[in-house]
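Have the viewer open and click along as we go.

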Amino acid sequence: MKIYPYSDNQQHRIRVRGDNVSSVIDKMIRLAAKTTEHYASDIVFWCNKLYDAIETHNAMTCTLNFREDGVDLYEQARLENPDTLRAILSGGIQQWMLTVDWEDNIPVTELLRVRISERN
């Protein structure tokens, strides 16, 4: 499996330094509303997971899979399962990587549209 950026276009990347992640949350909500037919509210769970990571000072790396019937979040270990990967690739509309890293005790959050390939 290989994950790589979808494009160099800035509309496919949001990066925020600090704990005000409203622009990232806004993009996640807009994507859910735009890409899903049902269960767009799934994104609320993943927004809360982002807030929890920042509040508890934890790093986080996961992939959001936007599909017709909702939004799933996958951590790296689950993506390495071939069955999970096939399910994402067959039913997903868009995939975005959500990360929280820490620089000098300040969170750096990024939402990046990605492509996922079964091949390395």
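**Charged pairs and a loop**

The side chains of Arg 30 and Asp 26 come together in a salt bridge, with N and O 2.7 Å apart. A salt bridge here is a side-chain nitrogen of Lys or Arg within 4 Å of a carboxyl oxygen of Asp or Glu. Before going further, please note that this is a predicted model, in which local features need pLDDT of at least 70 and side-chain atom pairs count only at pLDDT 80 or more, while totals for chains, interfaces and linings use all residues. Residues are numbered from 1 along each chain as its sequence is written, and side-chain values use heavy atoms, leaving out hydrogens and water.

Back to our pair: both residues sit in helix α1 (residues 22-35), 4 residues apart, or about one turn of the helix. Helices (H or I, at least four residues) and strands (E, at least two) are DSSP runs, numbered from the N terminus. Arg 30 is exposed at 55% relative accessible area, whereas Asp 26 is partly exposed at 35%. For these words, buried means under 20% relative accessible area, exposed over 50%, and partly exposed in between (1.4 Å probe, protein chains only).

Now look at Glu 75 and Lys 49, another salt bridge, whose closest N and O atoms are 3.1 Å apart. This pair links distant parts of the chain: Glu 75 belongs to strand β4 (residues 70-75) and Lys 49 to helix α2 (residues 42-55), 26 residues apart. Glu 75 is partly exposed at 40% relative accessibility, and Lys 49 is also partly exposed, at 27%.

Next comes Glu 110, which meets Arg 13 in a salt bridge of 2.9 Å, N to O. Here, too, distant parts of the chain are linked, with Glu 110 in strand β6 (residues 106-117) and Arg 13 in strand β2 (residues 13-17), 97 residues apart. Glu 110 is buried at 16% relative accessibility, while Arg 13 is partly exposed at 31%.

Arg 15, Arg 17 and Glu 103 are joined in a network of salt bridges. The total count is 6 salt bridges.

Finally, visit the loop between β5 (92-103) and β6, where Asp 104 lies. Most residues other than glycine have a negative phi. Asp 104, though not a glycine, has a positive phi of about 55°. Asn 105, in the loop between β5 and β6, also has a positive phi, near 65°. Asp 104 is exposed at 70% relative accessibility, and Asn 105 is exposed at 59%.
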